[in-house]
Every structure is written in structure tokens, then in C-alpha cells.
Amino acid sequence: MKNTREERAFNLDNCIKCGGCTAECPVAAVNPLFPGPKLAGPDAERFRLEGESLDSTWLDYCSNCKTCELTCPFGVRITDIIRRAKETKRGNGKAPLRDKVLGRVDYIGRLGTIWPGLTNSVLRLSLTRLALRKVLKFSSEAPFPAYQRRFVAGKERYTGLNRGKSGVKKRVVFFPGCFINYNDRTTGEAVVRVLEHNGFEVIIPKFRCCGVPREANGDFAGASGNARYNLALMQPYLAQGYPIITACPSCGLALKAEYPRLDVPAAKQVGAQTYDLFEFLWKLYRQGELHTGFAHVDLAVGYHAPCHLKAQGIGTPSVRLLSRVLGVKISELDAGCCGLSGSFGFKLEKYNLAMQIGSGLFARAKYGFETGEFTLVCSECGACRTQIEHGSGVTTLHPVHILAKAYGLT
Amino acid sequence: MWDAVIIGGGLSGLVTGISAAERGKRVLIITKGASSLNYATGALDFGDVQRLANTPKHPYTLLSNALIQKSFTYFKRLFPEYTGKWGQATDVLTPFGEFRSASLAPRGFEASRLKSAGRVLVIAPAGLKDFFPSLIIANLQRSLPMAVVTGLPVKPERFAPWLTAGKSIQGVDYANFWDTAMGRQSLGQFFGRIEKEMKKEALSLAVVFPSLSARFCDTSTAAMQSSGSLPDCIQAEVSFPVVEMTAFPPTAAGRALATALVHKFKDLGGELLQGVEVTGADMQSGECRRILVQSKGKTIRISARHYVLASGGTFSGGIEVDNRGAAEKVFGLPLYVPDDWTRTEFLGEQPYAKVGVEVDKNLRPLRPNGQVAVNNVMVTGRMLAHWDPWLEKCGGGVSLASGYLAGGLI
């Protein structure tokens with residue numbers, strides 16, 4: 001992925017060393033060995049440009065939550081700097097086996113969903129946990145999400161209700177992502193139903209993993225390979241102007257912010273044509289094109305805004321839209337990062353850090369649940385939901401289910 | 001359509017948002033980075049209101065004295081843990097341990113309580129960043145010649161790994177730690193020991209403590225702990241005054257104030273869009289139709305009935321300065337720019353401080369000929385022309401009063 005000299009110069013020149021990013025960094029707050037985004041990013045970068053690498057373990061502790069970038073008053077893309085440094089450091093060196101495994105969420109997912117019941121039982125065995133800990137350096141307490149029957153099982157694209165119906169002119173492409181594909185098919189189905197209810201044909205090409213897990217685990221070439229593959233599949237649809245819909249904030253962020261850096265034609269369109277599901281639904285609502293025949297839904301929920309949704313710079317469209325459904329009461333938890341950051345919190349040496357990072361959020365979720373403020377927590381991100389359930393015991397779900405309920409689709 | 005979109009999440013933007021949302025308005029606040037309050041002390045200055053209200057063109061001349069006082073009272077209603085009497089100064093300590101006056105400050109900051117002490121203990125938390133105990137002790141001793149001023153280190157277990165790793169501890173991290181159950185307990189024991197030891201002395205004791213305020217009256221989190229803010233709780237338990245110092249940025253108290261304002265705003269149904277830049281506006285016959293926001297991958301267009309420009313002047317990037325001049329970045333509003341920009345005395349009057357937008361009594365931007373430049377735009381806080389926060393010490397007052405006025409006009 002390209003990084004221009006201009007971007008580099010911008011990032012270095014615009015850091016005024018205020019330290020605001022480090023004050024907000026969830027990892028720096030709990031990890032004495034991580035000096036924070038300012039030092040690991042723009043400060044160390046000046047040394048790296050001179051061929052001096054400062055303590056390179058710093059880089060591994062960045063969970064890529066992007067809180068630093070939301071904080072920076074001057075728009076410095078701190079995680080870009082850190083990612084590039086990780087890439088240079090990794091070079092041709094070998095990634096640990098554990099990271100190779102974690103990067104291939106799609107492979108594990110395909111294996112896990114062959115017989116989900118068996119996979120889940122085996123993953124729960126303490127012997128399995130011990131083996132994973134000893135051999136792969138996974139934390140024994142890691143909250144692995146359970147596997148379900150696969151969402152997109154067949155070789156062909158999803159055949160929805162509207163497919164082939166005469167008069168259907170509106171089409172969208174849905175990029176479900178690995179979590180929906182392997183761990184959360186009901187959310188995938190709800191997304192399709194909600195879109196179909198609004199008159200869209202939903203096309204689901206056989207995408208690969210978006211690439212975020214591979215990049216997060218050091219496989220930069222693999223990540224960009226996945227991106228190229230997916231862009232090639234999107235190309236004909238992008239050319240016809242179809243929107244690409246994501247329901248996972250990390251996939252969405254990759255499509256909007258990482259894919260456009262690639263040197264293929266589709267890369268020029270993918271950023272502008274990709275929408276988070278609720279961003280898209282809100283746009284329809286604004287244009288008067290969304291079905292608003294919402295039934296009364298008597299439900300109080302806590303809402304957790306995932307870091308990678310915040311990083312998309314679209315606000316909280318699910319809260320905005322769902323607050324229009326009569327009976328729905330939403331309390332935004334606003335209690336920081338959950339700590340899991342995809343697979344960061346699965347790792348033996350990082351599990352405790354992840355739990356400490358999320359402790360404020362867990363306490364807030366527990367408090368709301370125990371006082372009857374809400375009965376469950378909703379959030380777009382599957383990893384956040386897994387971690388919140390693990391840390392607080394409160395049930396979670398994707399906000400699309402509330403809308404599906406309001407439409408009477410469940 | 002939004003009732004109002006506010007550009008800027010500093011003091012004036014947040015107060016505008018809260019006061020409008022309190023009246024049921026749908027409000028969006030867009031902020032490029034963390035609130036500028038993170039870089040402020042948490043104490044607010046109104047300056048010499050009588051004198052400034054008679055200084056030609058000063059923003060106070062547009063805002064009636066009654067309104068300025070109302071905004072003062074309004075803030076105290078939002079934050080009961082703040083102290084200050086209209087027209088009277090409150091003493092607070094600078095990060096160097098010198099006395100200065102403020103108009104509104106958290107009760108725990110009130111430094112006049114040191115003046116009757118025979119013995120002043122300056123608590124020095126181990127490894128606290130940008131904290132200089134010997135200088136503070138020397139300065140306090142100079143200001144309080146009748147008292148015995150000494151230091152007392154405190155070294156909580158929690159941060160031992162930080163000290164071992166050679167990582168300094170931010171004020172924000174200390175404050176957050178003291179506010180946990182473990183922190184509260186260890187502080188309680190610490191103060192208990194001080195109380196016991198000092199009983200042996202005949203001198204009346206006062207304690208100076210840096211970075212204590214992690215949160216203020218905060219509707220989202222305060223409910224979680226039935227107790228009030230930490231400094232207030234401590235004060236209720238010990239017999240001597242505990243005075244929190246102001247700190248260098250990023251500050252615990254400033255961040256606590258920003259967080260509490262954001263939570264108040266969101267609880268009233270407001271939405272915050274953070275980490276994006278407003279790149280321009282579509283203007284038509286003297287009105288703004290919509291603003292352009294750079295989200296990831298695409299430019300989004302947002303329309304509202306009112307637009308509030310609270311983008312913070314040159315420091316926050318609302319005004320861009322280069323060798324050709326100064327420009328307002330969103331609407332391209334005309335700016336007042338003095339002929340000569342700088343004077344030789346560094347801390348003296350600097351004319352560039354007064355660069356900003358000239359407005360009418362309803363905060364609408366004016367052209368040099370006195371005509372309203374854009375009807376549905378209001379300008380608040382540091383974006384206003386003809387004032388100097390450093391010399392006139394009225395930054396909090398101008399921001400609060402103009403924000404309060406704008407909120408009422410939405």
C-alpha cells in the first residue's frame with residue numbers, strides 16, 4: 001500500500017507534541033511498556049527515518065484502535081506511521097505461528113463452521129485451552145466467539161427475496177465479513193432482510209476476508225492480496241454505481257480507508273461507494289426513501305460505539321435512526337474501547353491488558369444492566385460484542401436486529 | 001435536517017450544544033480532535049467584565065452584562081462542584097505553585113485556603129509528568145512566608161512497573177487511578193496517616209495535591225458511584241484543606257470538564273462527530289445550504305437550519321495563517337486582521353491575538369461594510385475578533401457567554 005512523501009511530511013510536520021493522543025490512548029493507560037502513540041509514532045519516526053530503530057516492541061503494543069487519530073487536533077495519521085514501521089520491521093522476517101493463525105480468520109472460520117457444534121465444544125475444553133496456550137500462546141481465558149452455521153454457504157451469491165422479481169431496480173452489494181460469515185449468520189440475515197424490506201436486491205459475491213486480521217498480525221502482503229481479490233469482485237458493481245454495504249466497522253474502515261490506497265482501478269471508487277449499514281439507511285431516511293412503518297418496540301439498550309466506527313467519521317447513525325423507533329430507549333455508554341481490538345486480546349501476553357482497557361466499559365454495562373437502565377447492549381462490532389459479553393456478562397446484539405424487529409421481520 | 005450543526009467541540013461549541021439540546025433541539029457537534037478543554041486547566045476566567053464591556057469592539061460589548069452573568073450562573077448550575085462568585089476572583093495555583101486568580105474553578109482548586117495554614121504539605125506523586133515539586137515548594141514558600149512548606153512523596157503500588165520501565169505517569173492517569181476503588185482506598189489511608197502525624201504538630205495544616213480530578217458531575221458515570229467527585233469526597237473526610245493544583249496540558253481536570261460536557265450533551269440527545277474536518281460549505285444567496293465534511297472515503301454533506309462556527313481561531317485551525325494572510329476555513333468569512341501582527345515584547349500585547357470574525361449582536365458574521373455576511377451562521381468563542389485571552393484573561397467568559405447566547409438563538 002502506498003504512502004506518499006507528502007503524507008509522511010504532513011504527519012511529521014503537523015505533530016505539535018501536545019501529548020493529547022497519549023493522554024487518550026487506552027493501551028498507554030494500562031501498559032507501562034508502551035510509551036504511547038506520540039512516542040511510538042511521530043517521535044520515533046524521526047529516528048526511524050535516520051535508520052535508528054527505537055525499542056521495536058513498542059509497535060506490537062499498538063492495538064490500532066485509532067483513538068489517537070480521533071484525538072489529534074491536527075489530523076496526524078498516527079496509526080499510518082505505526083503501521084508502516086511495523087511493516088518495515090516485519091520485512092521478510094517470520095511471523096509467529098500464532099499470528100499466522102489469527103490472521104487467517106477466514107480459514108479458521110471455514111474449518112470451524114464445518115461442524116460448529118463440535119468446534120464450540122472442543123474450544124471450550126480446558127485441554128484445548130491448555131494446548132492453545134502452550135503451543136500457540138493464546139490466553140486460556142480468551143473469549144473466542146462461538147461458531148454458527150455459515151452465512152454465505154453456497155458457491156453462488158446470496159439469493160434473496162427480491163432476486164429476479166420484476167421491477168426491482170435497486171441493488172446493493174453486501175460485504176458481510178468473517179464475523180457474520182462464521183460466527184453471526186443471524187445478523188447477516190437481518191441485514192439482508194432489512195435491505196430487501198426497503199426494496200433492494202442484495203448481492204453477496206464470494207468475498208475473502210477484508211484483510212484487517214492479516215495486517216493486524218503482521219501479514220501485510222497477504223492483507224493487500226485479499227484487498228485486491230475483493231476489489232476485483234467489486235469492480236463490476238462499483239462501475240454500475242452500486243453501494244457496498246458493511247455491517248462490521250473494521251471491514252468498513254478497511255474498504256473506506258485502506259482499499260483506496262491500492263493501485264487498481266476499483267480502488268478509486270470503493271471509498272466513496274462503501275457505507276456502514278446504518279450510514280446507508282440514514283441516507284435513505286434523509287432522502288425520504290426509507291420505510292418508516294416502524295412498529296412500537298419496547299426496548300431499552302445501552303449502545304457502545306466501536307472504535308473503528310468512530311474512526312469512519314460518520315458519527316453514530318444507528319443511534320440516530322433507532323431513536324426514531326417508538327419505544328426504543330438508547331443510552332450511549334461512552335466508556336471507551338472494549339480492549340479486544342480484533343485479536344489483540346486473545347493473545348497470552350495481552351489478555352490482561354485488554355481486560356484492563358475494557359474495565360470501564362464492562363463496569364458501565366454491568367451497572368446499566370443491574371439498575372434496569374437497559375436489558376442488553378448493542379454495538380455494530382462483533383469483536384466488541386464478544387468482549388463486552390465476556391467482561392460484563394450482559395447480552396449483546398447488532399443494532400440491525402432492533403430495526404428488523406421494528407419492521408416486523410423477526 | 002438538523003436544527004443546528006456546531007463546528008468545534010471546545011467550551012463554546014459544547015455549551016452552545018447543551019443549551020440548545022436542553023430546549024429539545026436536534027444538534028450535531030463536529031470536532032476535528034479532542035476538545036481544546038483537554039489542554040486547559042479546568043478553571044475559567046471572565047476577566048474584568050466591567051472594563052472589557054467598555055473596551056471598543058470587545059466581544060463583551062455585544063453581549064450584555066446580564067447575559068454574561070447568566071452564562072456564569074448557567075455553568076454553575078451544570079457543574080455544582082464549581083465555585084466562584086460573580087464579580088469576585090477565586091485564587092488557584094499555577095502548575096509552578098504560584099497564586100493566580102480565576103472566576104470559576106472546581107471547589108478543590110480554591111487556593112485561598114492555604115493562606116491561613118501554618119504548615120503546607122506538597123504531595124509529590126512519584127513519576128508524575130511535568131510536575132516540579134522543588135520549584136513549587138520554593139514558590140509557595142515565597143508566597144506564604146508565615147508557613148512551613150515541605151514536600152511529601154507518594155508512591156502507589158499501581159505505578160511501580162511504570163517507574164521501573166522509566167515511563168513517566170501522566171496527570172490524567174494518576175487522576176483516573178485515584179478515582180478507582182483501589183485508588184480511593186489508598187488515598188484514604190494516605191490521608192489518614194497525614195492526619196495522624198500532623199496532629200502532633202500545633203500548626204494548622206493544608207495539603208497541595210496535583211492531578212486529582214478525573215471526572216466532574218457527570219450524568220453518565222457519576223450515577224455509577226453514589227459518591228460525588230473525588231476531591232469533594234476527600235474533602236468531606238479530612239479535617240484540613242486539600243488544594244488541587246492546575247497542571248500543564250493535557251490536564252486531568254480539563255479533560256474531566258470536556259468529558260462531562262460531552263456526556264451532558266449526548267444525554268440530551270446530541271450527537272458528536274469526532275475526528276473529521278469540515279472542509280467547506282455550499283453557500284447560496286447569503287445563506288449556508290450545507291457543509292462538507294470529510295469522512296473516511298467520502299465527503300458527506302450535512303444541512304441544518306443554523307450553523308455555529310466555534311472552530312477555535314488560529315490555535316485550533318479555524319483560522320489558517322500563512323505568509324499571505326489569514327483565512328477562515330469553512331465559510332471563507334471576512335476576518336478582522338490588524339495591520340501589524342506582532343510586537344517585540346513576547347508576553348505583552350500581540351495584535352495577532354485579535355484576528356477573528358466581526359459579528360452583530362446575534363453573533364452573525366459581518367462584512368467590513370457592516371452588512372451581515374451569512375444569515376444562518378453564528379460565530380462564537382475564540383473565532384470572534386477583537387479580544388486577547390492571554391492579556392485580558394477572559395477566555396472562559398467570552399466562550400461561555402457567546403456559546404450560551406448562540407444556544408439560545410437556535
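Predicted model: local features only at pLDDT ≥ 70, side-chain atom pairs only at ≥ 80, totals over all residues.
I take the bend at a residue as the angle between axes fitted to the seven residues ending there and the seven starting there. Residues count from 1 along each chain as its sequence is written, chains are lettered from A and ligands numbered from 1 in the order in which they are written, and side-chain values use heavy atoms, without hydrogens and water.

**Helix α4 of chain A**

I looked for the bend in α4(A) and found a kink of about 35 degrees centred on A:D43. Helices here are DSSP runs of H or I with at least four residues, strands are runs of E with at least two, and both are numbered from the N terminus. α4 covers residues 37–49 of chain A, 13 residues in total, and spans 17 Å from first C-alpha to last. That is close to the 18 Å expected at 1.5 Å a residue; the expected span is 1.5 Å times one less than the number of residues.

Next I checked burial, where buried means under 20% relative accessible area, exposed means over 50% and partly exposed is in between (1.4 Å probe, protein chains only). A:D43 itself is buried, and other buried residues of α4(A) include A:P37, A:P42 and A:E45. What do the buried residues of α4(A) pack against? I get α1 (5–14), α2 (20–24), α5 (57–61), α6 (67–71) and α7 (78–90) of chain A, with contact meaning heavy atoms within 4.5 Å. Just after the helix, A:G51 has a positive phi of about 85 degrees.

**The sheet in chain A**

I traced an open sheet of 4 strands with parallel pairing, in the order β6-β5-β7-β8. Two strands pair if DSSP finds at least two bridges between them. β6 (328–332) and β8 (396–397) are at the edges with a single partner strand each, so one side of each has no neighbour in the sheet.

I then followed β5(A), residues 299–303, which makes 5 parallel bridges with β6(A). A:L299 has A:V328 as its bridge partner in β6(A). On the β7(A) side (residues 376–378), I find 3 parallel bridges. A:G302 stands opposite A:S331 in β6(A) and opposite A:V377 in β7(A). In β5(A), 4 of the 5 residues are buried.

**Aromatic rings**

I searched the whole structure and got 29 aromatic pairs over all chains. Rings of Phe, Tyr and Trp (its six-membered ring) pair if their centres lie within 6.5 Å; planes under 30 degrees apart are stacked, over 60 edge-to-face, and the rest tilted. A:W282 and A:Y285 are stacked, at 5.0 Å centre to centre with 25 degrees between the planes. Both lie in α18(A), residues 277–286, 3 residues apart or about one turn of the helix. A:W282 is buried at 10%, whereas A:Y285 is partly exposed at 27%.

B:Y74 is buried, at 6%.

I also noted one aromatic cluster in chain B, with B:F159, B:W162 and B:F240 among its members.
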